[in-house]
Amino acid sequence: MLPMTQDDADLDSLVRKRIRALRVAQGWSLEELASRAHLSQSSLSRIENGQRRLALDQLVTLARALDTTLDQLVETATDDVVTSPTIDGAHGRMRWTVKADPGMSVVRQRMTEPPPENPARMRAHPGREWLVVLSGTAILMLGHRRFRLETNQAAEFPTMLPHAIGAEGAPCEILGIFDRDARRGHQRDGEDDAQGARV
């Protein structure tokens with residue numbers, strides 16, 4: 001048997017604390033989680049307290065019982081918690097990628113122009129988008145419908161409907177979250193379109 005390194009010991013301690021924290025967050029006693037995981041209460045107590053070796057099969061069972069995955073149960077903290085955006089000053093846009101899902105992106109954009117009235121200038125593509133208005137008033141064109149979004153109001157919609165967003169009267173700022181398909185749709189359609197013309 002190989003000796004345990006400091007990193008192994010830290011991970012071991014983290015997993016034990018995580019099991020206990022998830023159990024407590026569910027409002028479950030040791031007895032209840034032990035029953036759900038098909039373990040004895042004393043075995044679970046020794047696992048949480050570091051008095052029993054962590055076995056892979058038990059971790060899989062505990063992850064299922066806690067409604068999580070083994071990957072999430074043993075995930076380690078990373079030092080790169082803070083990220084900086086990619087800035088496109090010409091189009092008033094900042095973009096962040098989501099590390100847990102690189103296909104997702106978060107975009108903050110300042111818009112000054114109203115959305116196009118011509119449906120031919122709207123885009124449609126696979127995916128879903130979510131956006132919130134940070135300041136000002138935005139107009140969301142979705143198919144043949146027109147939605148007025150005030151500061152702090154949000155919209156979520158399937159992007160197979162032709163859509164566009166722009167400002168009403170004065171500049172507005174939006175924060176949008178794009179799934180992988182929506183992000184690809186924007187990249188294919190040319191993200192550097194005129195500001196305010198399309199989402």
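This report describes the sheets, salt bridges and nonpolar cores of one structure.

The structure is a predicted model, in which local features need pLDDT of at least 70, side-chain atom pairs count only at pLDDT 80 or more, and totals for chains, interfaces and linings use all residues. Residues are numbered from 1 along each chain as its sequence is written, and side-chain values use heavy atoms, with hydrogens and water left out.

## Sheets

Strands of a sheet pair through backbone hydrogen bonds, in either a parallel or an antiparallel way. Helices (H or I, at least four residues) and strands (E, at least two) are taken here as DSSP runs, numbered from the N terminus. Two strands count as paired if DSSP finds at least two bridges between them.

Val 133 has Ile 174 in β9 as its bridge partner.

Another open sheet has 3 strands in the order β6-β5-β8, again with antiparallel pairing. Here β6 (145-149) and β8 (163-167) are the edge strands, and each pairs on one side only. The twist from one strand to the next averages 20°. Strand β5 (residues 138-142) pairs with β8 in the antiparallel sense over 5 bridges. In β8, Ala 164 stands opposite Met 141.

## Salt bridges

Side chains of opposite charge can pair when their charged atoms come close. A salt bridge is counted when a side-chain nitrogen of Lys or Arg lies within 4 Å of a carboxyl oxygen of Asp or Glu. The structure holds 8 salt bridges, including those in the table.

| Salt bridge | Closest N and O atoms |
|---|---|
| Arg 36 and Glu 32 | 3.2 Å |
| Asp 88 and Arg 93 | 3.8 Å |
| Glu 150 and Arg 148 | 2.1 Å |

Arg 36 and Glu 32 both lie in helix α2 (residues 30-36), 4 residues apart, which is about one turn of the helix. By relative accessible area, a residue is buried under 20%, exposed over 50% and partly exposed in between (1.4 Å probe, protein chains only). Arg 36 is partly exposed at 42%, and Glu 32 is partly exposed at 31%. Arg 93 is buried, at 11%. Glu 150 is partly exposed at 30%, and Arg 148 is partly exposed at 45%. A network of salt bridges links Arg 146, Arg 148, Glu 150 and Glu 168.

## Nonpolar cores

In soluble globular proteins, nonpolar side chains tend to be buried together. A nonpolar core is a set of buried Ala, Val, Leu, Ile, Met, Phe, Trp, Tyr and Cys residues joined through side-chain atoms within 4.5 Å.

The largest nonpolar core has 16 residues, and Ile 19, Leu 33 and Leu 62 have the most contacts inside it. Helices α1 (6-26), α2, α3 (41-49) and α4 (56-65) each supply at least two residues of this core. The most comes from α4, with 4 residues. Apart from this core lies another, of 13 residues, among them Val 133, Ala 138, Leu 140 and Cys 172.

Note on methods
Axes are lines fitted to C-alpha atoms, for helices over the stretch in contact, and angles run from 0 to 180 degrees between N-to-C directions.
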